[in-house]
Amino acid sequence: MTDRYQQFARSGLGRQLVRRLGLPDPTPLRRHVPGAPALDGPALVGGKGRLTDTVHTVLKAIGAKEVVRDADTADRYAALVFDATDIDDPARLRELYDFFHPLMRKVGTCGRLVVLGTPPSGSGRDAVAQRALEGFTRSVGKELRKGATVQLVHVAPGYEAAAESTLRFVLSAKSAFVDAQVIRIGTHGGEPVTPGDWERPLAGKVALVTGASRGIGASIAEVLARDGAHVVALDIPAQGAELSDVANKVSGAALQLDITAGSAPAQLAQYLRERHGGVDIVVHNAGITRDKSLANMSDAAWDAVLAVNLSSQLAVNDALLAEDLLRRDGRIVGVSSIAGIAGNKGQTNYGTSKAGVIGMVDAFAPVLAERGATINAVAPGFIETRMTAAVPLFIREAGRRMSSLSQGGLPVDVAETIAWYASPASAAVNGNVVRVCGQSLLGA
Ligand code: NAD
């Protein structure tokens, strides 16, 4: 999908106009290329919290050059990490200012800022201070330029080592379109398994991806296969040809099934039991829109959206859990939407279903934790797909520009976020809903 404005803004004349008129200036985002360095410049770490050792270990493991404050000075930083886990009083929030203020003009293109915190709980001043980190992070996200991002990662005490997969993700180009998010680690338990090979953490795993014949689903299939999984790509029979192309490309299997059919959960369970003895990763990506104002919406449009986007997913989960087919260390991933967070005009059916996906995560996270499994969701914003290419020009342009990164994301951005959830190293990442929206202003 071409973003003509982005191309224009990069041209000679475009650059001048963008600068003079203060127009959005969408920087081409750096995306993951296997084998390329995770960071393209030095990293600086501040703060004295519980996570400092883990941060140093991760930076070393990803081959980052770490500089020491005041000893070396760099012109540009690829990553700034501040460990605020020990901030126990609002008076100490000044430490954030002291660390970041002198560095804000030195953040490199597509730089990564990470604030580490402790999940706020209880009635003490520490909880007040930790909650305050959220406002800092979200505001910094709106000030960063040139494709740089910031995240707040809340790590429960005792889960310091379990933060590794998340730090690797938020520091890398895999999180290109994830911006100003609050990620919680350890809220619902989970013992991470360190992959033998971080390039192929899903080796030996079986992943089911619904709606996999095109768009975001096809990209999820590709990324999970790249990470080593055997992918079962599912879609409706009418998408059969495109589905087998995807399945062939990822050396996986194609499964033609309408997930809303009454017999679908049982058929799916039978397929996974007979072929693979179970499943490790289930990505509920299939989704539809049938937009109309509530006054004009037919009951068929309401029912179809709720059936594909929510009820069928619950039915599949129930069938897999009832037969114990989701293996220990299993992963369920839902695909919500910012419309499920903010609501959207003409999408009462869609917004309801996508908020229901968030409800599914909240309800199932403790249940799956007991089985050593997790459930999380992504909430994409404007992603460049056939679905958004069909949106009228003016609304499409608004959707693209009304975010901190001033552009649409790519299907791969959603897929990389799902791959992070799917990793065996992400066992303590449970019950999260992370927006992949470039900090869209919608529902912010
Ligand atoms: P898409 O329409 O290109 O793909 C959806 C796929 O789901 C299609 O291949 C379709 O055939 C399949 N599907 C529909 N009904 C099905 C059924 N009953 N059984 C099996 N498969 C079925 O859409 P997309 O843009 O790739 O979106 C993928 C997911 O991401 C959806 O859940 C969508 O709601 C969500 N999402 C997309 C965006 C975006 O900007 N594109 C934003 C937010 C959320």
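**Backbone, rings and ligand**

Mentor: Alanine 180 is placed in the loop between α6 (164–171) and β6 (181–185). Helices (H or I, at least four residues) and strands (E, at least two) are DSSP runs, numbered from the N terminus. This is a predicted model, in which local features need pLDDT of at least 70 and side-chain atom pairs count only at pLDDT 80 or more, while totals for chains, interfaces and linings use all residues. Residues are numbered from 1 along each chain as its sequence is written, and side-chain values use heavy atoms, leaving out hydrogens and water.

Trainee: What is the phi of alanine 180?

Mentor: Alanine 180 is not a glycine, yet its phi is positive, at about 60 degrees. Most residues other than glycine have a negative phi.

Trainee: Is alanine 180 buried or exposed?

Mentor: Alanine 180 is buried, because its relative accessible area is 1%. Buried means under 20% relative accessible area, exposed over 50%, and partly exposed in between (1.4 Å probe, protein chains only).

Trainee: And which strand holds aspartate 329?

Mentor: Aspartate 329 belongs to strand β11 (residues 326–335). Its phi is positive, about 70 degrees, although aspartate 329 is not a glycine. With a relative accessible area of 17%, aspartate 329 is buried.

Trainee: Changing topic, how many aromatic pairs are there?

Mentor: The structure has six aromatic pairs. Rings of Phe, Tyr and Trp (its six-membered ring) pair if their centres lie within 6.5 Å; planes under 30 degrees apart count as stacked, over 60 as edge-to-face and the rest as tilted. One of the pairs is phenylalanine 99 with phenylalanine 100, which is edge-to-face, at 4.8 Å centre to centre and 85 degrees between the planes. Tryptophan 420 and tyrosine 421 are stacked, at 4.7 Å centre to centre and 25 degrees between the planes.

Trainee: Which residues do ring pairs link into a cluster?

Mentor: The cluster consists of Phe82, Phe99, Phe100 and Phe136. Phenylalanine 99 and phenylalanine 100 are both buried.

Trainee: What sits over the ring of tryptophan 198?

Mentor: The charged end of arginine 168 does, 3.9 Å from the ring centre. The criterion is that NZ of Lys or CZ of Arg is within 6 Å of the ring centre and within 35 degrees of the ring normal.

Trainee: Now the ligand: how many residues surround it?

Mentor: The ligand is surrounded by 29 residues, and the closest are Arg214, Asp235, Asp258, Asn285 and Tyr350.

Trainee: What is the shell like by class?

Mentor: It has 13 nonpolar, 12 polar and four charged residues. Ala, Val, Leu, Ile, Met, Phe, Trp, Tyr, Cys and Pro count as nonpolar, Asp, Glu, Lys and Arg as charged, and the others, Gly among them, as polar.

Trainee: Where does tyrosine 350 lie relative to the ligand?

Mentor: A polar side-chain atom of tyrosine 350 is 2.5 Å from an oxygen atom of the ligand. A polar backbone atom of isoleucine 383 lies 3.0 Å from an oxygen atom of the ligand.

Trainee: How much of the ligand does the protein bury?

Mentor: The protein buries 94% of the 830 Å² that the ligand exposes when taken alone. These areas come from the Shrake-Rupley method with a 1.4 Å probe.

Methods
Near = heavy atom within 4 Å. Polar contact = N/O pair within 3.5 Å; in protein donor to acceptor, adjacent residues only side chain to side chain.
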